[in-house]
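Reader: I am new to this structure and would like to understand the words used to describe it. Could you take me through them with care?

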Amino acid sequence: MRDPYEVLEINRGASKEEIQKAYRKLVKQYHPDQYQNHPLAKLAEEKLAEVNEAYDMLMKNGSYSTSHGSSTSSSHDTDSGNRDSYFQQIRVHISNGNLSAAEQMLNQTNNRTAQWYFLKGIVFQNKGWYSEALDHLQTAVNMEPGNMEFCSALNNMNQNNRVYRDRSQQYGGRNMDICDICQCLICTDCCCECMGGDFIACC
(Lines give C-alpha, C1' and ligand atoms only; values in the text may rest on other atoms or scores of the structure.)
Protein backbone atom coordinates (compact mmCIF):
# COMPACT_ATOMS: atom_id res chain seq x y z
CA MET A 1 0.00 0.00 0.00
CA ARG A 2 0.99 3.67 -0.17
CA ASP A 3 2.94 5.41 2.57
CA PRO A 4 0.53 5.45 5.57
CA TYR A 5 1.60 8.99 6.44
CA GLU A 6 0.66 10.10 2.94
CA VAL A 7 -2.66 8.27 3.11
CA LEU A 8 -3.58 9.97 6.39
CA GLU A 9 -2.21 13.31 5.12
CA ILE A 10 0.10 13.82 8.09
CA ASN A 11 3.81 14.44 8.59
CA ARG A 12 6.24 11.80 9.75
CA GLY A 13 6.80 11.96 13.47
CA ALA A 14 3.19 13.01 14.08
CA SER A 15 1.94 12.37 17.60
CA LYS A 16 -0.60 9.71 18.47
CA GLU A 17 -3.24 12.40 18.94
CA GLU A 18 -2.47 13.91 15.52
CA ILE A 19 -2.79 10.51 13.86
CA GLN A 20 -6.11 9.85 15.58
CA LYS A 21 -7.42 13.30 14.65
CA ALA A 22 -6.46 12.84 10.98
CA TYR A 23 -8.00 9.37 10.98
CA ARG A 24 -11.34 10.57 12.38
CA LYS A 25 -11.44 13.38 9.83
CA LEU A 26 -10.88 11.04 6.87
CA VAL A 27 -13.32 8.42 8.16
CA LYS A 28 -15.98 11.11 8.33
CA GLN A 29 -15.04 12.37 4.86
CA TYR A 30 -15.24 8.95 3.18
CA HIS A 31 -18.02 7.40 5.27
CA PRO A 32 -20.54 5.43 3.15
CA ASP A 33 -23.39 7.63 4.38
CA GLN A 34 -21.81 10.52 2.48
CA TYR A 35 -21.93 8.61 -0.81
CA GLN A 36 -25.29 6.86 -0.93
CA ASN A 37 -26.44 6.56 -4.56
CA HIS A 38 -23.33 8.49 -5.59
CA PRO A 39 -21.22 7.54 -8.64
CA LEU A 40 -18.08 7.73 -6.49
CA ALA A 41 -19.42 5.39 -3.79
CA LYS A 42 -17.13 2.52 -4.80
CA LEU A 43 -14.08 4.77 -4.84
CA ALA A 44 -14.99 6.18 -1.42
CA GLU A 45 -15.27 2.64 -0.07
CA GLU A 46 -11.79 1.79 -1.38
CA LYS A 47 -10.37 5.02 0.04
CA LEU A 48 -11.88 4.32 3.46
CA ALA A 49 -10.36 0.83 3.45
CA GLU A 50 -6.97 2.36 2.64
CA VAL A 51 -7.35 4.87 5.49
CA ASN A 52 -8.23 2.09 7.94
CA GLU A 53 -5.23 0.04 6.84
CA ALA A 54 -2.86 3.00 7.17
CA TYR A 55 -4.19 3.83 10.63
CA ASP A 56 -3.87 0.25 11.84
CA MET A 57 -0.32 0.05 10.50
CA LEU A 58 0.83 3.17 12.33
CA MET A 59 -0.91 2.37 15.60
CA LYS A 60 0.14 -1.29 15.75
CA ASN A 61 3.75 -0.48 14.93
CA GLY A 62 3.87 2.41 17.37
CA SER A 63 4.96 4.64 14.50
CA TYR A 64 3.72 7.75 16.26
CA SER A 65 6.93 8.02 18.30
CA THR A 66 9.30 10.89 17.56
CA SER A 67 12.05 8.42 16.64
CA HIS A 68 10.85 8.66 13.04
CA GLY A 69 11.61 12.36 12.85
CA SER A 70 15.04 12.07 11.22
CA SER A 71 16.72 15.07 9.62
CA THR A 72 15.85 13.74 6.17
CA SER A 73 12.20 13.35 7.12
CA SER A 74 12.14 16.80 8.70
CA SER A 75 13.48 18.32 5.51
CA HIS A 76 10.92 16.42 3.47
CA ASP A 77 8.10 17.53 5.76
CA THR A 78 9.21 21.15 5.56
CA ASP A 79 9.21 21.03 1.76
CA SER A 80 5.80 19.36 1.81
CA GLY A 81 4.46 21.97 4.22
CA ASN A 82 5.74 24.84 2.08
CA ARG A 83 4.18 23.29 -1.01
CA ASP A 84 0.83 22.82 0.73
CA SER A 85 0.93 26.41 1.97
CA TYR A 86 1.68 27.65 -1.56
CA PHE A 87 -1.24 25.75 -3.05
CA GLN A 88 -3.48 26.92 -0.21
CA GLN A 89 -2.76 30.52 -1.19
CA ILE A 90 -3.80 29.67 -4.75
CA ARG A 91 -7.04 28.16 -3.45
CA VAL A 92 -7.77 31.39 -1.56
CA HIS A 93 -7.26 33.43 -4.74
CA ILE A 94 -9.64 31.13 -6.64
CA SER A 95 -12.25 31.35 -3.87
CA ASN A 96 -12.02 35.14 -3.97
CA GLY A 97 -12.42 35.17 -7.74
CA ASN A 98 -8.89 36.46 -8.29
CA LEU A 99 -8.12 34.07 -11.14
CA SER A 100 -5.25 36.11 -12.58
CA ALA A 101 -3.32 35.94 -9.29
CA ALA A 102 -4.03 32.22 -8.95
CA GLU A 103 -2.89 31.53 -12.51
CA GLN A 104 0.23 33.65 -12.04
CA MET A 105 1.23 31.64 -8.97
CA LEU A 106 0.59 28.37 -10.80
CA ASN A 107 2.72 29.47 -13.74
CA GLN A 108 5.57 30.48 -11.43
CA THR A 109 6.11 27.00 -9.99
CA ASN A 110 7.65 24.04 -11.78
CA ASN A 111 6.14 21.64 -9.25
CA ARG A 112 3.63 19.98 -11.60
CA THR A 113 1.93 17.73 -9.07
CA ALA A 114 -1.62 16.39 -9.26
CA GLN A 115 -2.64 19.31 -7.05
CA TRP A 116 -1.17 21.72 -9.60
CA TYR A 117 -3.14 20.19 -12.48
CA PHE A 118 -6.31 20.19 -10.38
CA LEU A 119 -6.04 23.86 -9.46
CA LYS A 120 -5.08 24.82 -13.01
CA GLY A 121 -8.16 22.95 -14.21
CA ILE A 122 -10.37 24.82 -11.74
CA VAL A 123 -8.95 28.13 -12.96
CA PHE A 124 -9.70 27.17 -16.57
CA GLN A 125 -13.19 26.07 -15.58
CA ASN A 126 -13.92 29.40 -13.90
CA LYS A 127 -12.63 31.21 -16.99
CA GLY A 128 -14.97 29.19 -19.19
CA TRP A 129 -12.18 27.27 -20.93
CA TYR A 130 -13.88 23.91 -20.50
CA SER A 131 -11.75 21.83 -22.86
CA GLU A 132 -8.53 22.86 -21.09
CA ALA A 133 -10.21 22.42 -17.70
CA LEU A 134 -11.29 18.89 -18.57
CA ASP A 135 -7.79 17.95 -19.76
CA HIS A 136 -6.14 19.22 -16.56
CA LEU A 137 -8.70 17.63 -14.23
CA GLN A 138 -8.30 14.32 -16.05
CA THR A 139 -4.51 14.54 -15.64
CA ALA A 140 -4.91 15.22 -11.90
CA VAL A 141 -7.14 12.16 -11.51
CA ASN A 142 -4.74 10.02 -13.54
CA MET A 143 -1.89 11.04 -11.22
CA GLU A 144 -3.92 10.51 -8.02
CA PRO A 145 -6.87 8.24 -8.84
CA GLY A 146 -7.72 7.87 -5.15
CA ASN A 147 -8.18 11.60 -4.52
CA MET A 148 -11.90 12.14 -3.99
CA GLU A 149 -11.74 15.91 -4.52
CA PHE A 150 -10.17 15.49 -7.95
CA CYS A 151 -12.52 12.67 -8.96
CA SER A 152 -15.59 14.59 -7.80
CA ALA A 153 -14.60 17.71 -9.77
CA LEU A 154 -13.98 15.66 -12.92
CA ASN A 155 -17.21 13.72 -12.47
CA ASN A 156 -19.24 16.92 -12.02
CA MET A 157 -17.72 18.45 -15.12
CA ASN A 158 -18.42 15.36 -17.20
CA GLN A 159 -22.01 15.34 -15.96
CA ASN A 160 -22.44 19.02 -16.87
CA ASN A 161 -21.08 18.32 -20.35
CA ARG A 162 -23.52 15.44 -20.79
CA VAL A 163 -26.44 17.62 -19.68
CA TYR A 164 -25.42 20.30 -22.19
CA ARG A 165 -25.15 17.76 -25.02
CA ASP A 166 -28.48 16.17 -24.10
CA ARG A 167 -30.26 19.53 -24.08
CA SER A 168 -28.63 20.47 -27.36
CA GLN A 169 -29.88 17.28 -28.97
CA GLN A 170 -33.30 17.70 -27.37
CA TYR A 171 -33.78 21.06 -29.04
CA GLY A 172 -32.28 19.95 -32.31
CA GLY A 173 -29.00 21.71 -31.67
CA ARG A 174 -25.68 20.72 -33.20
CA ASN A 175 -22.11 21.92 -33.18
CA MET A 176 -21.51 24.65 -35.75
CA ASP A 177 -18.27 25.15 -37.59
CA ILE A 178 -17.10 28.35 -39.31
CA CYS A 179 -18.81 27.40 -42.58
CA ASP A 180 -22.16 27.01 -40.83
CA ILE A 181 -21.77 30.43 -39.23
CA CYS A 182 -20.90 32.07 -42.55
CA GLN A 183 -23.91 30.49 -44.23
CA CYS A 184 -26.19 31.77 -41.49
CA LEU A 185 -24.79 35.30 -41.83
CA ILE A 186 -25.18 35.29 -45.62
CA CYS A 187 -28.76 34.02 -45.39
CA THR A 188 -29.58 36.67 -42.79
CA ASP A 189 -28.07 39.39 -44.99
CA CYS A 190 -30.10 38.22 -48.01
CA CYS A 191 -33.32 38.28 -46.01
CA CYS A 192 -32.57 41.79 -44.74
CA GLU A 193 -31.84 43.07 -48.27
CA CYS A 194 -35.08 41.58 -49.57
CA MET A 195 -36.89 43.62 -46.94
CA GLY A 196 -34.99 46.80 -47.78
CA GLY A 197 -32.37 46.49 -45.05
CA ASP A 198 -28.72 45.54 -44.97
CA PHE A 199 -27.39 43.20 -42.29
CA ILE A 200 -23.80 43.14 -43.62
CA ALA A 201 -22.86 46.58 -44.93
CA CYS A 202 -19.95 45.42 -47.09
CA CYS A 203 -22.04 42.88 -49.06
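Reader: In what order do the elements of the protein chain run from the N terminus on?

Author: They run α-α-α-α-α-α-α-α-α, and the protein chain has 9 helices and 0 strands, where helices (H or I, at least four residues) and strands (E, at least two) are DSSP runs numbered from the N terminus. This is a predicted model, in which local features need pLDDT of at least 70 and side-chain atom pairs count only at pLDDT 80 or more, while totals for chains, interfaces and linings use all residues. Residues are numbered from 1 along each chain as its sequence is written, and side-chain values use heavy atoms, with hydrogens and water left out.

Reader: What makes the reach of helix α2 close to the expected one?

Author: Helix α2, residues 16–29, has 14 residues and reaches 20 Å from its first C-alpha to its last. The expected span is 1.5 Å times one less than the number of residues, and for α2 that expectation is 20 Å.

Reader: Which residues of α2 are called buried, and how do you know that they line one face?

Author: Ile-19, Ala-22 and Leu-26 are the buried residues of α2, buried meaning under 20% relative accessible area, exposed over 50% and partly exposed in between, with a 1.4 Å probe and protein chains only. Seen down the axis of α2, these buried residues fall within an arc of 70 degrees, so they line one face of the helix; the arc is that of the directions from the helix axis to the C-beta atoms. On the other side of α2, Glu-17, Lys-21, Arg-24, Lys-25 and Lys-28 are exposed.

Reader: Why are α2 and α3 called roughly antiparallel?

Author: They pack at an angle of about 165 degrees, with their axes 10 Å apart, the axes being lines fitted to C-alpha atoms, for helices over the stretch in contact, with angles from 0 to 180 degrees between N-to-C directions. Angles under 35 degrees count as roughly parallel, over 145 as roughly antiparallel, 65 to 115 as roughly perpendicular and the rest as oblique, and α2 and α3 are therefore roughly antiparallel to each other. The contact (heavy atoms within 4.5 Å) involves residues of α2 including Tyr-23 and Val-27, and residues of α3 including Leu-48 and Tyr-55.

Reader: Is Glu-9 called buried or exposed?

Author: Glu-9, in the loop between α1 and α2, has a relative accessible area of 53%, and exposed means over 50%, so Glu-9 is exposed.
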